[in-house]
Amino acid sequence: QLQLVESGGGLVQPGGSLRLSCAASEFSLDDLHIAWFRQAPGKEREGFSCINKEDGSTYYEDSVKGRFTISRDNGKNTVYLQMNDLKLEDTAVYYCAADLGLLNRLCVLGSKAYDYWGQGTQVTVSS
């Protein structure tokens with residue numbers, strides 16, 4: 001059974017940085033599209049970045065483009081999210097999710113495409 005374990009959340013001041021990790025078990029990252037989602041209090045869960053299983057190409061929503069970087073280490077079977085220049089509005093619970101890509105050749109940011117989810121990690125940006 002595929003499991004995703006996230007780590008790296010915490011409290012950071014505006015303008016600061018954090019790196020989140022998402023470790024996958026039972027499946028190689030070559031077999032998985034991985035996406036990052038976040039859910040702020042009172043808001044719906046939103047996808048904002050993903051990485052494609054075949055070639056590692058990436059996609060970002062405008063809200064994080066230029067500030068966040070998604071990457072993967074196939075040897076560690078781990079996907080990372082480097083978050084720089086954090087803003088108050090980045091405060092949320094962050095989730096990674098995996099899609100085997102049987103229906104989607106490229107990763108997508110709709111939550112319904114993802115069958116496997118991590119437990120979530122809290123990121124709080126506050127002065």
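Predicted model: local features only at pLDDT ≥ 70, side-chain atom pairs only at ≥ 80, totals over all residues.
Start with the fold. Read along the sequence, the pattern is β-β-β-β-β-β-β-β-β-β-β. The radius of gyration is 14 Å, close to the 14 Å that the globule rule gives for 127 residues, so the protein is as compact as a globular protein of that length. Its C-alpha trace spans about 40 × 25 × 25 Å along the principal axes. Buried residues make up 44% of the 127.

Now the charges. We have 12 positive and 16 negative side chains. The centres of the two sets lie 3 Å apart. The structure holds six salt bridges.

Take Arg-38 and Asp-90. Their closest N and O atoms are 2.8 Å apart. Arg-38 sits in strand 4, while Asp-90 is in the loop between strand 8 and strand 9, 52 residues apart. How accessible is Asp-90, buried or exposed? Asp-90 counts as buried, at 0% relative accessibility. Arg-38 is buried too, at 6%.

Asp-90 also meets Arg-67 in a salt bridge, at 2.7 Å, N to O. Arg-67 lies in the loop between strand 6 and strand 7, so this pair ties together parts 23 residues apart in sequence. Shared partners join Arg-38, Glu-46, Arg-67 and Asp-90 into one network.

One more pair. Arg-72 forms a salt bridge with Asp-30, with the closest N and O atoms 4.0 Å apart. These two are 42 residues apart, Arg-72 being in strand 7 and Asp-30 in the loop between strand 3 and strand 4. Arg-72 is partly exposed at 22%, and Asp-30 is partly exposed at 41%.

Notes
Residues numbered from 1 in each chain as written. Heavy atoms only, no water. Helix = DSSP H or I, 4+ residues; strand = E, 2+ residues; numbered from the N terminus. Rg over C-alpha atoms; globule rule 2.2 N^0.38 Å. Buried < 20%, exposed > 50% of the residue type's maximum accessible area, 1.4 Å probe, protein only. Lys, Arg positive; Asp, Glu negative; His and termini not counted. Charge placed at Lys NZ, Arg CZ, Asp CG, Glu CD. Salt bridge = Lys/Arg side-chain N within 4 Å of Asp/Glu carboxyl O.
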